[in-house]
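Let's walk through this structure together, one step at a time. Have the sequence and the 3D view ready as you read.

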Amino acid sequence: MTFFSLFLMSVGLAMDAFAVSVCKGLNMKKINYRHCLIISIFFGSFQAIMPLIGWLLGKQFENYITSFDHWIAFILLAFIGGKMIVESLKKEDPPESSFERFDVKQLFILAVATSIDALAVGITFAFLKVNILLSITLIGCITFLLSFIGVILGNKFGARYKSKAELAGGIILVAIGLKILLEHLGII
């Protein structure tokens, strides 16, 4: 996987965290940079840890599935990306009041929920022989940065960009999954 593909995948994975960060920023009367930093650390850390866990799991089964690993990568990325696309097209209610206060327990749950797709991507990393340290560092840093920006944008501009970001992330993941499949099939 090229650095550019890895970069795009990192951005795609970060879109869920970005969208939730926008929601967090929506309900801050005034931007609180300490909270912004904590939110970004939570999301960036979980987005980095989950692919590592997935990679470790994938390495355990690598010898058994190398003949069809590209199909697994494609299916996982297409499923995750497709789910993100569908979610972005749904009409949403305004953010709930549960976002109004800063709650570390809620933030933990949101960080886990937004990084589940990164776990699945980590499994594909094991099959693709990706440099895992570079991958998790890039994913974590990009998620941290986009989450920080998301809180600020949410505070300034509102929810109008949330679904567009999630749609873009979904399209990126599906495209990367398709590219992996086509490369392994010798089409490109």
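A residue counts as buried under 20% relative accessible area, exposed over 50%, and partly exposed in between (1.4 Å probe, protein chains only). This is a predicted model, where local features need pLDDT of at least 70, side-chain atom pairs count only at pLDDT 80 or more, and totals for chains, interfaces and linings use all residues. Residues are numbered from 1 along each chain as its sequence is written, and side-chain values use heavy atoms, leaving out hydrogens and water.

Start with the overall fold. The protein chain has 6 helices and 0 strands, where helices (H or I, at least four residues) and strands (E, at least two) are DSSP runs, numbered from the N terminus. Of its 188 residues, 47% are buried.

Now find two of the helices. In a right-handed crossing, α1 (residues 3-26) passes α5 (residues 132-157). The residues of this contact (heavy atoms within 4.5 Å) divide into 19 nonpolar, 9 polar and no charged.

Where do charges meet? Side chains of opposite charge can pair when their charged atoms come close. The whole structure holds 2 salt bridges, each a side-chain nitrogen of Lys or Arg within 4 Å of a carboxyl oxygen of Asp or Glu. One of them joins E183 and K179 at 2.6 Å, N to O. These residues are 4 apart in helix α6 (residues 162-184), so about one helical turn separates them. E183 is partly exposed at 38%, and K179 is partly exposed at 29%. K90 and E87 also meet in a salt bridge, at 3.1 Å.

Notes:
Axes are lines fitted to C-alpha atoms, for helices over the stretch in contact, and angles run from 0 to 180 degrees between N-to-C directions. A crossing is left-handed if the near helix is turned anticlockwise from the far one by less than a right angle, and right-handed if clockwise. Ala, Val, Leu, Ile, Met, Phe, Trp, Tyr, Cys and Pro count as nonpolar, Asp, Glu, Lys and Arg as charged, and the others, Gly among them, as polar.
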